[in-house]
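The sequence and structure are shown below.

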Amino acid sequence: MFMPYPRFSLHSVIKTIASTAAIIAILLISSQNLQPSPAQNVSATQKETYVGDAPADPGPLAKDVSEALQPQAIRHVVRKVADWQLSRAQSHFNQDWTYAALYRGLIAASRATGDSKYEDAVKHASERFQWKLGPRIAFADDEAVAQSYLHFYFKSHDPSMIAPTKAAFDQTTSAPQDVEHQDPAKPLWWWCDALFMAPVAWVELSTATGNPAYTDFMDKQWWITSRLLYHPKDHLYSRDATFLDRHEANGEKVYWSRGNGWVLAGLSSVIEALPANDPRRTRFIEQFQQMAERIASLQGKDGLWRPGLLDAGAYPLPEVSGSAFFVYAFAWGLRNGVLDRRKFLPVVRSGWKGLTKHVYADGRLGSIQPIGATPGAYGPSASYVFGVGAFLMAGTEVDALASATHSKAALH
């Protein structure tokens, strides 16, 4: 995937003063509010837009945020973070994958808080986009926004909301190779992030249209990607094929936290979208459980995960976006009976506690790695819309878990 930010090896940062100076310089450059930032897999002709920033002085951390797994406390921090992000990002809403992840979070925030303004903002933007996807056909990043469109379709059943998605997906199934690269031997979803961006929309389009072909297509493409990128013993995904033989300084394979977060969140979304009697659910649940077991075993003492999953000691800061996707998926798994309560409830409790420690007084959510494809460097103030989306999704699932009648005794 094309990189809009310079890549940094944290090991070289540790080894050399020059690398440290470079990081400081980048953080200073990105300290301006509303710093433009290009999206992943973006062509040179696409317009840059606000994605996030990392100010040198973000102000104090929040003192009015509680780590408690109690609905009132959870909804307060969800609202606080959602309000901050909406005020900064709404004028920049677009159809990019970065914002598609935020839209998932904002829609979730309305569900948690009961305040429709977050969902309404996404709907108004969708209407302005005329329900169109991004410009590239058969490219998962540009299909991610369809998740929001399908959400609104299921509320109103207005066919115009999904007509452009259906047209684009029909075109993709007629020529399923990656049209950007024109390489039939290369998987359509060749990077693991794609498993969050596109698959659930394909399943939901089947539900919306009554046509099983879209789910059939998704199922085929998922397992093609899985065979390439999923390690059957490590139970983790490489980010793409270029990472299959890359190793951390400690000799372990490079497994990117956010990349695996994308996949685990994608798995939970697909499982939830598949009909309860669909026999394919079993295979997706099996992979979800395998990954959940392994990722839970890598949780840090602060409840979060570092950007490089198998060399946590090499990374000084936790990575909030990947960690939030993990907490979201674990809470979803608990609420739906897919994960063992005794084992994973403490993981969720510790993870949510860790996430709340990165909320600032004004609602900024920090310690989010910028757009990238590999474990990298960032500062504690770094905040980006896709990470906020993951946090809002996590908070909403944790709230649902805490609010469920059968969970109350276990949570308190």
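Are Phe169 and Trp202 buried or exposed? In this predicted model, Phe169 is buried, and Trp202 is buried as well.

The model contains 25 aromatic pairs. In one of them, the ring centres of Phe169 and Trp202 lie 4.0 Å apart with the planes at 5°, so this pair is stacked. Because Phe169 belongs to helix α8 (residues 163-174) and Trp202 to helix α10 (residues 199-209), the contact ties together parts that are 33 residues apart in sequence.

An edge-to-face pair is formed by Trp222 and Phe284, with 5.3 Å from centre to centre and 80° between the planes. Here too distant parts of the chain are linked: Trp222 is located in helix α11 (residues 213-229) and Phe284 in helix α13 (residues 281-297), 62 residues apart. Trp222 has a relative accessibility of 0% and therefore counts as buried. Phe284, likewise at 0% relative accessibility, counts as buried.

Beyond these pairs, one aromatic cluster is made up of Trp97, Phe196, Trp262, Phe325, Tyr384 and Phe386.

**Packing of α8 and α10**

The helices that carry Phe169 and Trp202 also pack against each other, at an angle of about 115° and with their axes 11 Å apart. Angles of 65 to 115 degrees count as roughly perpendicular, and α8 and α10 are therefore described as roughly perpendicular to each other. The crossing of α8 and α10 is left-handed.

**Charges over rings**

Two arginine side chains are placed over aromatic rings. The charged end of Arg246 sits over the ring of Phe243, at 4.0 Å from the ring centre. Arg283 lies over the face of Trp223, and the distance to the ring centre is 3.9 Å.

**Salt bridges**

The structure holds 20 salt bridges.

| Arg79 | Asp115 | 2.9 Å |

The bridge between Asp115 and Arg79 links distant parts of the chain, 36 residues apart: Asp115 is in the loop between α4 (97-113) and α5 (117-128), while Arg79 is in helix α3 (residues 71-89). Arg79 is partly exposed, its relative accessible area being 30%.

The cut-off for buried is under 20% relative accessible area. Arg306, at 17% relative accessibility, therefore counts as buried, whereas Asp302, at 32%, counts as partly exposed.

Arg335 is partly exposed, with a relative accessible area of 29%, and Glu397 is buried, with a relative accessible area of 5%.

Methods
Residues numbered from 1 in each chain as written. Predicted model: local features only at pLDDT ≥ 70, side-chain atom pairs only at ≥ 80, totals over all residues. Heavy atoms only, no water. Salt bridge = Lys/Arg side-chain N within 4 Å of Asp/Glu carboxyl O. Helix = DSSP H or I, 4+ residues; strand = E, 2+ residues; numbered from the N terminus. Buried < 20%, exposed > 50% of the residue type's maximum accessible area, 1.4 Å probe, protein only. Phe/Tyr/Trp six-rings, centres within 6.5 Å; stacked < 30°, edge-to-face > 60°. Lys NZ or Arg CZ within 6 Å of the ring centre and 35° of its normal. Axes fitted to C-alpha atoms, helices over the stretch in contact; angles between N-to-C directions. Parallel < 35°, antiparallel > 145°, perpendicular 65-115°, else oblique. Left-handed = near helix turned anticlockwise from the far one by under 90°.
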